[in-house]
Amino acid sequence: CVKLEFFTADDGSCGSAKVLTTKSTEGEWLHLVCNFDVPSDCAKVRVLPRCMKLGDYYLDDITLTNIGDAESISIISDEVFYYSDFTGESFAEIKLNASAEPALAGASSVDVQLKQGENVIYEQKSLPVTEGLATFTYNVDLLTEKQVEYTIEATAVVDGTTYTGSNYIYKYDRPLNLGADGIYRINGEAIQPVFAYKYRSAEGHWDIGSQNKINVAQVGMPYDQEGEDLLAYVKEQLDIAQEKGVMVMVALYRNMLPAGDPANIETTELVVSTFKDHPALFAWMIMDETYNNFPNPEEALRKSYIAIRNNDPTHPTFLCEASTKLKEAGRYCDILCVDPYPGGHSAPERVELAVNAVAQQKKPVYSLLQVFDWQGYMPTGDEMRNMIYQSILAGGKSFGYFKFDDPYDGKDLNEIYLWE
């Protein structure tokens, strides 16, 4: 991970942040990027790369770039993408950030508008501000058009100076293959997915997995291929999967950046629009362990969802989250996945927390289970079965395994005792 320590001009400490983390042990270069807020009185920054486990680590080109001033008013809506079958009231929290603009500490009220383009469709004036917070309520039925951007805009005036902030909400139909009951269906036929990460077609995993009822596999995209070469690779994987009776979740987060990140969004739109009708396609993976690998990902996740769903109305988006920010992650996907590994002292309650986080929009929760040696802990067969039962009892709709490729002692999942 990388820790930042912030200091004032006279070397006094004014805060710190752990901004980049990765659990990758693949031995490849990773490009890690995140956004973070700098305290208003910060004049110096100390960058501290940290190694949390024994091993060799190489770091290169650590760069800090100013991308803009902190928001004076931030807006967080309860949901970002509302399904068209959801009706009734929702809300947004309006936060006046006195740390960015000290004058806002004196604000007693804020005006808020819900707009489509420049057209104001609803507003509340003089909302009371208590300890820097106000709540704006609105009826989702006001969002009459689908796949259209609506803006929530807040304005506060203090001593003649105007401060503003804005955020966006949307309305979308559910993916055609995923119902409000959380069940995945193809042409009306229910599918019970059991999935696995880290498939390798070259190693014959497709045959092995399908024989033991793993019917959905994660497929990544090479970092070093673009355009027609990349499309040819993805098509090959989808075609093999179709031949073997397995479906595919395509990981669109190349270089551990969200699908909608500027580095990936063109490739995302190309791949989604090209393969949205492939019979072996199950879902599109937006990002992995988002808030651990990309601490301020909301803008990239929002663009990811739009880029995928605007090109494919049928297949759901999938996002796995390892942090406590389950509600935040659940705003930007159709399937929320959690990884409650016993090696990390996680518990089944994590699945229940995820179920509750996405309950309003009736999104399903999947569990990614530990079947590999992590932090010196390797589950037993009884523990693996217990993870499955506990996940389903906690409200999860499906489960899968991390990982198929080399989970233990240099062997694949089908070669170790957990496969029996």
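## Terms and overall picture

A residue counts as buried when its relative accessible area is under 20%, and as exposed when that area is over 50%. Anything in between is partly exposed. The structure shown here is a predicted model.

The protein has eight helices and 21 strands. It has 420 residues, and buried residues make up 47% of them. Its accessible surface comes to about 20300 Å². Carbon and sulfur atoms account for 47% of that surface. Take the contacts between residues at least 6 apart in sequence: 67% of these join residues at least 24 apart.

Helix α2 covers residues 227-244, which is 18 residues. At 1.5 Å a residue it should span 26 Å.

Which residues of α2 are buried? They are L230, L231, V234, Q237, L238 and A241. These residues cover an arc of only 130° around the axis, which puts them on the same side of α2. An α-helix has 3.6 residues a turn, so residues three or four places apart point the same way.

The face turned away from the buried side of α2 carries exposed residues: E228, D229 and E243. Just after α2 comes G245, which takes a positive phi of about 75°.

T267 is found in helix α3, residues 265-275. Is T267 buried or exposed? At 12% relative accessibility, T267 counts as buried, because the cut-off for buried is under 20%.

Leaving out residues up to four places away in sequence, T267 touches M221, E226, L230 and R254.

## Salt bridges across the sequence

The count of salt bridges comes to 18. One of them pairs K327 with D78, with the closest N and O atoms 3.4 Å apart. K327 lies in helix α6 (residues 326-330), while D78 lies in the loop between β4 (73-77) and β5 (81-83), so the pair ties together parts that are 249 residues apart in sequence. K327 is partly exposed, with a relative accessible area of 22%. D78 counts as buried at 12%.

The side chains of D334 and R309 also meet in a salt bridge, 3.8 Å from N to O. D334 sits in the loop between α6 and β19 (335-338), and R309 in helix α5 (residues 298-309), so this pair ties together parts that are 25 residues apart in sequence. How accessible is D334? Its relative accessibility is 0%, so D334 counts as buried. R309 is buried too, with a relative accessible area of 3%.

R385 forms a salt bridge with D382, and the closest N and O atoms are 2.6 Å apart. Where do these two residues lie? Both R385 and D382 are in helix α8, residues 381-393. They are three residues apart, about one turn of the helix. R385 counts as partly exposed at 36% relative accessibility. D382 is exposed, with a relative accessible area of 56%.

Some salt bridges share partners. Bridges of this kind join E149, E299, R302 and K303 into one network.

## K44 on strand β3

K44 is found in strand β3. At 38% relative accessibility, K44 counts as partly exposed. That value falls between the cut-offs of 20% and 50%.

Which residues does K44 touch, not counting residues up to four places away in sequence? The partners are E5, F6, F7, T8, A9 and D11. K44 and F6 are 38 residues apart along the chain, and their C-alpha atoms are separated by 6.0 Å.

## A nonpolar surface patch

Y57, L59 and I62 make a nonpolar surface patch of about 300 Å². Of its members, L59 is found in the loop between β3 (44-49) and β4.

Note on methods:
Residues numbered from 1 in each chain as written. Predicted model: local features only at pLDDT ≥ 70, side-chain atom pairs only at ≥ 80, totals over all residues. Heavy atoms only, no water. Helix = DSSP H or I, 4+ residues; strand = E, 2+ residues; numbered from the N terminus. Expected span 1.5 Å × (residues − 1). Buried < 20%, exposed > 50% of the residue type's maximum accessible area, 1.4 Å probe, protein only. Arc of directions from axis to C-beta. Salt bridge = Lys/Arg side-chain N within 4 Å of Asp/Glu carboxyl O. Patch = residues over 30% accessible without salt bridge, like charges linked within 9 Å, V, L, I, M, F, W, Y side chains within 5 Å. Areas by Shrake-Rupley, 256 points an atom, 1.4 Å probe, with all protein chains shown as cover. Contact = heavy atoms within 4.5 Å.
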